[in-house]
Amino acid sequence: MEVFAYLIPYGLEWLNLIVRWLHVITGIAWIGASFYFVWLDNSIRPPAPGSELAQKGVAGELWAVHGGGFYNPQKYLVAPAELPKELHWFKWEAYSTWLSGFALLTIAYYFNAQAMMIDKAVADISSGQAIGIGIATLVIGWTVYDLLCRSPLAKHELWFGVTVFALIVGAAYVLTHVLSGRAAYIHVGAMIGTIMVANVLMLIIPGQRKMVEAMAAGKLPDPKHGLKAKQRSVHNNYFTLPVLFIMISNHYAMTYRNDHAWLVLALIMAAGVFIRHFFNLRHKGRVEWRYPAIGVALLVAVAVAIAPKAPVAAAPALNPAAQFKSVHAIIAQRCATCHSAQPTQPGFATAPAGMMLDNETEIRQHAAQIYKQAIELKAMPIGNLTNMTEAERSELGAWLQQTMQGAK
């Protein structure tokens, strides 16, 4: 029975690895296709008036070279005169990314919600409540966004964008006050990802189907379907950089462990939007350096604002051996339940990040990392699952400072 209990978290870790790998692969495929088609749409040039292409209804074309061959993609204003025999659709990249992402969210967060989603210093809630909040965020986020898209506000691109950005920031503010910072960030990303895939599932693909069905019936497709699909596709394009940052944010506790984590996320997402806008304009032939300059300035401002304060020099230990014995007891009780060759904390089969703290050599080896995560950021123990006290952090921090100073 003990072996079986150990193999469950080990099996989940392998499942986590495989699904995460799949999620990255499908995400690359989806975002790559999205970036390419937005680039293509912005880069095509209209044919000469009265030319053969113009008479065929081609709105724009371009020539490209890649992989030893020449390509000549063309875009029709509404549709070609005849429905092609073979038509490629781009949808499973989006669906597979969301499905693998939600599976990963379930494996990494929902199966171990007590450790991954709850920080009692933020809100003392149950695992069921945390999971319910997470799933509700996805549903509510899409519903409000879709209603905004169908409202008169959608005709005013700038104010619509500002409103949607405010919606996302508002969600980040709420989530960082009920979930752990790490879980809050990942659910903001999951909400944006759900909006993106719902755009594909509910608007883009159905609109394309209606256009194809009209052509198959010998009718001229209604251009409104293409316009709606284009609108949602452009929205998805601007969502991509914020989502990509959130996907990697769990490696950077300095962002989600900040007292104003929601604002840190808002500024980094805004930087991504400005940088993405620069490339979209550049593809149209407009080079507006102010946009990446604003994006970089925002990132620099965040980096400066959340920079850690220099630690106060620790007083020399009166009895180093006795002090380490006390520190070792703290680490054994609060840290090594996960960071061990044989973790005892439920849900962990191996030491996170491969960091083991079973003995003095390993503890001294990782002193700087322990200080950063447990003392400076207070990101560990994760969600303070093992209830490390402030007094213990203070004692551990003093010893770690002495250790790091002695190693210089």
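Modeller: A disulfide is taken here as a pair of cysteine sulfur atoms within 2.5 Å. By this rule, the predicted model has zero disulfides. The sulfur of C335 is too far for a bond, because the closest cysteine sulfur, in C338, is 9.0 Å away. C338 is likewise in no disulfide, the nearest cysteine sulfur being that of C335. C335 has 11% relative accessibility and therefore counts as buried (under 20% relative accessible area, with exposed over 50% and partly exposed in between, for a 1.4 Å probe and protein chains only). C338, at 10%, counts as buried too.

Residues are numbered from 1 along each chain as its sequence is written, and side-chain values use heavy atoms, without hydrogens and water. As the model is predicted, local features need pLDDT of at least 70 and side-chain atom pairs count only at pLDDT 80 or more, whereas totals for chains, interfaces and linings use all residues.

I turn now to the helices (DSSP runs of H or I of at least four residues, numbered from the N terminus). Helix α6, residues 157–175, and helix α7, residues 181–216, cross at roughly 150 degrees, and their axes come within 9 Å (lines fitted to C-alpha atoms over the stretch in contact, with angles from 0 to 180 degrees between N-to-C directions). α6 and α7 are therefore roughly antiparallel (an angle over 145 degrees; under 35 is roughly parallel, 65 to 115 roughly perpendicular and the rest oblique). Their crossing is right-handed (the near helix is turned clockwise from the far one by less than a right angle). I168, A171, A172 and L175 of α6 make the contact with A184, H187, V188, M191 and I192 of α7 (heavy atoms within 4.5 Å). These residues divide into eight nonpolar, one polar and no charged (Ala, Val, Leu, Ile, Met, Phe, Trp, Tyr, Cys and Pro are nonpolar, Asp, Glu, Lys and Arg charged, and the others, Gly among them, polar).

Also in helix α7 lies A198, which counts as buried at 10% relative accessibility. Beyond its neighbours within four places in sequence, A198 is in contact with W142 and L203. Its C-alpha atom is 19 Å from that of M247, a residue 49 positions away along the chain.

Helix α8, residues 223–249, packs with helix α10, residues 261–283, at about 135 degrees, their axes being 8 Å apart. α8 and α10 are therefore oblique to each other, and their crossing is right-handed. The contact includes Y238, L241 and F245 of α8 and I268, M269 and R276 of α10. Its residues comprise 10 nonpolar, five polar and one charged.

Methods: Helices (H or I, at least four residues) and strands (E, at least two) are DSSP runs, numbered from the N terminus.
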